[in-house]
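This briefing describes one protein chain for a reader who is new to structures. Please look at the sequence and the model before reading the points.

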Amino acid sequence: SGLKIDHKNLLLCTGKGPSRVEISPIINIDEDFCRLIGYYLSEGCLTEDESLRTRFSFNRDEAECISDVENILTKLGLKYSVYHSKMFHTACIKVSSRIFGYLIRDVLKCGVNSYNMNIPAFLFNLPDNHLKQILTGLLRGDGGVCYTRKKRSYARRGRHYCQRHVVATANYFSSSPVLFQQAVALLQHFGIVPTFKDKRRGLLNIAGYNKLIKAREFFNGDKL
């Protein structure tokens, strides 16, 4: 007969010595974990050599995102290392864990590179607060904001006026056709209907005051 041990009292262990990693066999699919999945889908990849290595790469100026990923990984009990590229001004967070890599690649089936990333189908059944966090990770990673400020001069009834004209547009890009369609579906679910005027495949835009106000919560404070 099998051992009747509560999973809460177990630990999954890999590695030896300093590389030893212990992780709980129970992972709560909470809002933090959903946001981590969003970060992975937008800025992550997974490779295999002696172990499974999961990486998150950000511009080094995105301190809020980097800190957020580090805190979530720590909460999960995972060890990680951070490498700063001298060439591309990026910070790479690396998790060398076969267990975590197996979860991402083989259990959740999130994909391993930017061309085959996708949101696991069952996550769409989660409450809206969880779905918002997936979208937050996606847009913080591969989203952006473009804006222009111009002065427009015009004359009316013999008087000259100068008006400041500000135009803002949020955008999102993905190389994965599946993930791109999923991102569109999530945006529409929250009442944000994107446009696709740009000829670049995989790129969407969010324009208009009301849409930008709704999208604001998904971006970092300094982006939108």
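The structure is a predicted model. Its chain contains six helices and nine strands. Of the 224 residues in the chain, 39% are buried.

**The chain as a whole**

- Among contacts with a separation of 6 or more, 60% are between residues 24 or more positions apart.

**Helices α1 and α2**

- Two packed helices are described by the angle between their axes and the distance between the axes.
- Helix α1 covers residues 31–43 and helix α2 covers residues 63–75; they pack at an angle of about 125°, and their axes are 10 Å apart.
- Angles of 65 to 115 degrees count as roughly perpendicular and those over 145 as roughly antiparallel, and α1 and α2 are therefore oblique to each other.
- The crossing of these two helices, α1 and α2, is left-handed.
- On the α1 side, the contact is made by Asp32, Arg35, Leu36 and Tyr39.
- On the α2 side, Cys65, Asp68, Val69, Ile72, Leu73 and Lys75 take part.
- Sorted by class, the contact of α1 with α2 consists of six nonpolar and four charged residues, with no polar ones.

**Helix α3**

- Which residues of helix α3 (residues 98–107) are buried? They are Phe100, Gly101, Leu103 and Ile104.
- Lys109 follows α3 and has a positive phi, near 60°.

- Is Cys45 buried or partly exposed? The relative accessible area of Cys45 is 27%; buried means under 20% and exposed means over 50%, so Cys45 counts as partly exposed.
- Apart from neighbours within four places in sequence, Cys45 is in contact with Tyr40, Arg53, Thr54, Arg55, Val112 and Met117.
- Ser57 is twelve residues from Cys45 along the chain, and the C-alpha atoms of the two are separated by 8.7 Å.

Notes
Residues are numbered from 1 along each chain as its sequence is written. This is a predicted model: local features need pLDDT of at least 70, side-chain atom pairs count only at pLDDT 80 or more; totals for chains, interfaces and linings use all residues. Side-chain values use heavy atoms; hydrogens and water are left out. Axes are lines fitted to C-alpha atoms, for helices over the stretch in contact, and angles run from 0 to 180 degrees between N-to-C directions. Helices (H or I, at least four residues) and strands (E, at least two) are DSSP runs, numbered from the N terminus. Angles under 35 degrees count as roughly parallel, over 145 as roughly antiparallel, 65 to 115 as roughly perpendicular and the rest as oblique. A crossing is left-handed if the near helix is turned anticlockwise from the far one by less than a right angle, and right-handed if clockwise. Contact means heavy atoms within 4.5 Å. Ala, Val, Leu, Ile, Met, Phe, Trp, Tyr, Cys and Pro count as nonpolar, Asp, Glu, Lys and Arg as charged, and the others, Gly among them, as polar. Buried means under 20% relative accessible area, exposed over 50%, partly exposed in between (1.4 Å probe, protein chains only).
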